[in-house]
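Colleague: I would like to learn how to read a few features of a model with you. Could we take them one at a time, with the general idea before the case?

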Amino acid sequence: MKPEKLTLSGWGPYKDRVEVDFTGLEGRGLFLITGATGAGKTTLFDAITYALYGDMSGGMREKNSVRSDFADEDTPTFVELFMRHGGEEYRIVRNPEYMRPKKKKRGKSAFTKEKENAVLYLPDGKIIEGGSEVNRKIQEILILDYRQFKQISMIAQGEFAKLLTASPAEKIRIFREIFSTSVYDSFAGALRERSGELYKRMMEYRNKMDENVHMLEMGEWGKTGRMEEKESASVQKYRYGEIIAMLEEEEHRYQEELEKAEEEHALYEKELAGLAEEIHAAERMNEKLEKLEEQQKQKEKLLKERDRIVQAEKEVKEAGKAAALREDYVNCKNAGETLASIEEKIERDRGELEACARKQEEKSRYYEKRAETRAAYQLLSAYKEKKKLLEDADRRAGKKEEELKRLQEHYLLQEEKTEQKKKEFETADLAYKRAVVGIAARQVKEGEPCPVCGSLDHPCVAEAAKEAPDEKELQQLQNRYEEERKRLMELHGRAAVCKGEAENQKKQREEWAEQMEELESAAGKIPEEVMAVLDALTEKEYEDILHQYQRLEAQIEEKKKQLARETEEAARQEEKKRKLEEAFEAGYRKAGFSSLPQYEQALRPAGEMEKKERQIREYYAKAQTIEGRIASLEEETKGKKREDTDGLKARREEKAVQKQRALELVNVKHHSLQERKKIKRSLQEKRKKLEALEKEYGIVKDLDNMASGNNAKKLVFEQYVMAGYFEEILRAANVRLAKMTGGRYELSRREEIGDGRVKDNLEMQVLDYYTGKYRTVKTLSGGECFKASLALALGMSDVVQGYSGGIRVDTLFIDEGFGALDSESLDQSCQTLLSLAEKDRLIGIISHVPELAEKIEKQIIVTKTNVGSRVEVVV
């Protein structure tokens, strides 16, 4: 990438638009950017970096603080870079976020925030817009990200001696950032973490196996003293192989004891089964004898209930005859109930009719005077409306009078102002006309005809008035007079309109006042009884009373009709009831009932009769069942008597206790056997897994020790990789350092470690060929330190460039650091940089050292002033 033209606007110390043309600096492209401290030399580098990546070249400057304090409010802040890369032309325009004046002055603040943006113009005419999108495309074109560009193309101010004097931790951080070696540190961390995990899992398995053995110690083995001793107090580890062998022996012994206990338990079970059958047979016979006695008792109880069943049969028969007449009986009762209901309704409707008549009578006095009352309400409403209109008219008239007065005052003031402008214009017009002759005299020239009379002789030429206005001034005075006269006419029109409106309002008010007097006169003629209603009720309340009166009138009429219908229906129902009662009386006398009470006594609900019939059937069925059971039980117990089962149960209890003891022994033996099997199986499985873990842990731990620096050379894996990069940088740096120091110094990495507690293999030393001895770089003088730092920075740029895909860096910027060099060292440094500038490479040095200005012809001179800096390119 080669910059061709850089434009800055409102940027840092640059007030206005500043352009820097780099095309004249090519060839042997070593050029100097010089100027006073704070003039804005480094700002040019910042602008290039910001144009490419949207960020600054140094670590102390922020992109959102680059707006120039010298710039005017309307001056935009942006950078524009024309560059050439790969034979193609590119243009980038980028601006930071800053405050600019609003285009439309609205709101409390006159400024708005201009958002950060970037635009990239490609050689094929395509345009890419947006900060992130432009950054991605630039990285794709240059094959460098922002960090790599700084490391390869930009040696920023204050960063020369970073590697030379950096602490071990700082050097690791720098190389990790440059060469992305964090993956090796992560790899070593993964090994360390894996090693720790494996060790933890090993100890978990050992603890679990120790717990299993501890369970044996707490159990039978601990009591019998069969547990083997541990190998040693320091190791605290059991001999698991021998313990597993002992568990196998115990397993065989417990198996034999379990089989013997199970045989004894089975024998007791067989004896208990025989006793259980004998007890069961005796209990069955005793139960049958008890059931026989119970059935005989139930038979005697049934015989005592015989009379009750006979009476129930008689009641069922009488209820059957009464049930045949049930429908006629129900019809008679229903007819009576219906007649009573009709008579009750007639009585209730008569009461309601009387209540409606009373309410109607109360409201009749309002209804009779309804026409006069409604007219009075309308008269009162019209009066209130006119009164409100008059009040509103009075308020409007007062406002209109104030408005007219204000317009008249404005008119008088405007009339004076217009008259003043008129006088000024007429005075100027008169002076202008008087000066016309003098103005024409200005055109008179000797030997030429007069523009007025044509004479060639001009003995006395008139002079123009000194204070006379010209035509433009006269026109301005006339325009001012016309504007004031126009305002006067506008005020006159508005005042006339306002006066007309006031007169119309006054006329309207007089009409309303006359109407209101007429209404007051009519209101005085309203009768007293009507006025009493108006005072007591609102119009809505009065209308509600009239509607209630009309509804009551309709209800009374409807009630009268309903009473007539109900009276006729009662007469018909009474006749129907009489006929039904006569027919029913003939029926129940024919059935054998002498009176209605006798019939009603015989009549039973259908459910009750069904219940009695069911009780009768159940009685005879139960008696038959008991007779059958008694016969069957007598046959089964013939010749038998009750047996005593207590002795048999005592023998069974004794055998059950013996059986339980045998079962407990079986459970103990079985539990012990299963416990040994479980512990043996657990120990075998865990021992197998532990051996596999120990094998894996041995391999991983060796790798961990090697990667973490726990080795003979105290070399960490990441630093091993860094050392390779570091030695390449030193080789590239020594090529330049030899030229700059006349072959005196050579940089190298210290192989041995001074402090065994510190794992640092990136420590540098310098070989002084004058003495033939190595010494620390901290012993170098200021000038020597700068040479070594510059050589190291250039070497690092070459190595990083090589590891970035073989990218060629066409432009290199170096910021400050030459002030500590003497004349000879300065020559040597310049020669080294000139060698880098060969093959069409552009190298820029920023410095205020005067000697450099003498040695480097091509310069960009930055001049600082109290209104901002300016730039001049000297080729």
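Modeller: Let us begin with burial: a residue is buried under 20% relative accessible area, exposed over 50% and partly exposed in between, with a 1.4 Å probe and protein chains only. Strands (E, at least two residues) and helices (H or I, at least four) are DSSP runs, numbered from the N terminus. This is a predicted model, in which local features need pLDDT of at least 70 and side-chain atom pairs count only at pLDDT 80 or more, while totals for chains, interfaces and linings use all residues. Residues are numbered from 1 along each chain as its sequence is written, and side-chain values use heavy atoms, with hydrogens and water left out.

Colleague: Which way do the residues of strand 15 point, and are they buried or exposed?

Modeller: Leu842, Gly844 and Ile846 point one way and Ile843 and Ile845 the other, and all are buried. Since five of the five residues of strand 15 (residues 842-846) are buried, the strand is largely enclosed by the rest of the structure.

Colleague: Which strand does strand 14 run parallel to, and over how many bridges?

Modeller: Two strands pair if DSSP finds at least two bridges between them. Strand 14 (residues 811-815) runs parallel to strand 15, joined by five bridges, and strand 3 (residues 30-35) pairs with strand 15 in the parallel sense over four bridges. Ile843 of strand 15 is the bridge partner of Leu812 and also of Leu30.

Colleague: What does the side chain of Thr811 reach?

Modeller: A polar contact is a pair of N or O atoms within 3.5 Å; within protein, one must be able to donate a hydrogen and the other to accept it, and residues adjacent in sequence count only if both atoms are side-chain atoms. Thr811, which lies in strand 14 and is buried at 1% relative accessibility, reaches the backbone oxygen of Met1 with its side chain at 2.6 Å.

Colleague: How is a pair of aromatic rings described?

Modeller: By the distance of the centres and the angle of the planes. Rings of Phe, Tyr and Trp (its six-membered ring) pair if their centres lie within 6.5 Å, and planes under 30 degrees apart count as stacked, over 60 as edge-to-face and the rest as tilted. The count by this rule is seven aromatic pairs. Among them, Trp11 and Tyr50 form a tilted pair, 5.2 Å centre to centre with 50° between the planes. Trp11 lies in strand 1 (residues 2-11) and Tyr50 in helix 1 (residues 41-53), so the pair ties together parts that are 39 residues apart in sequence.
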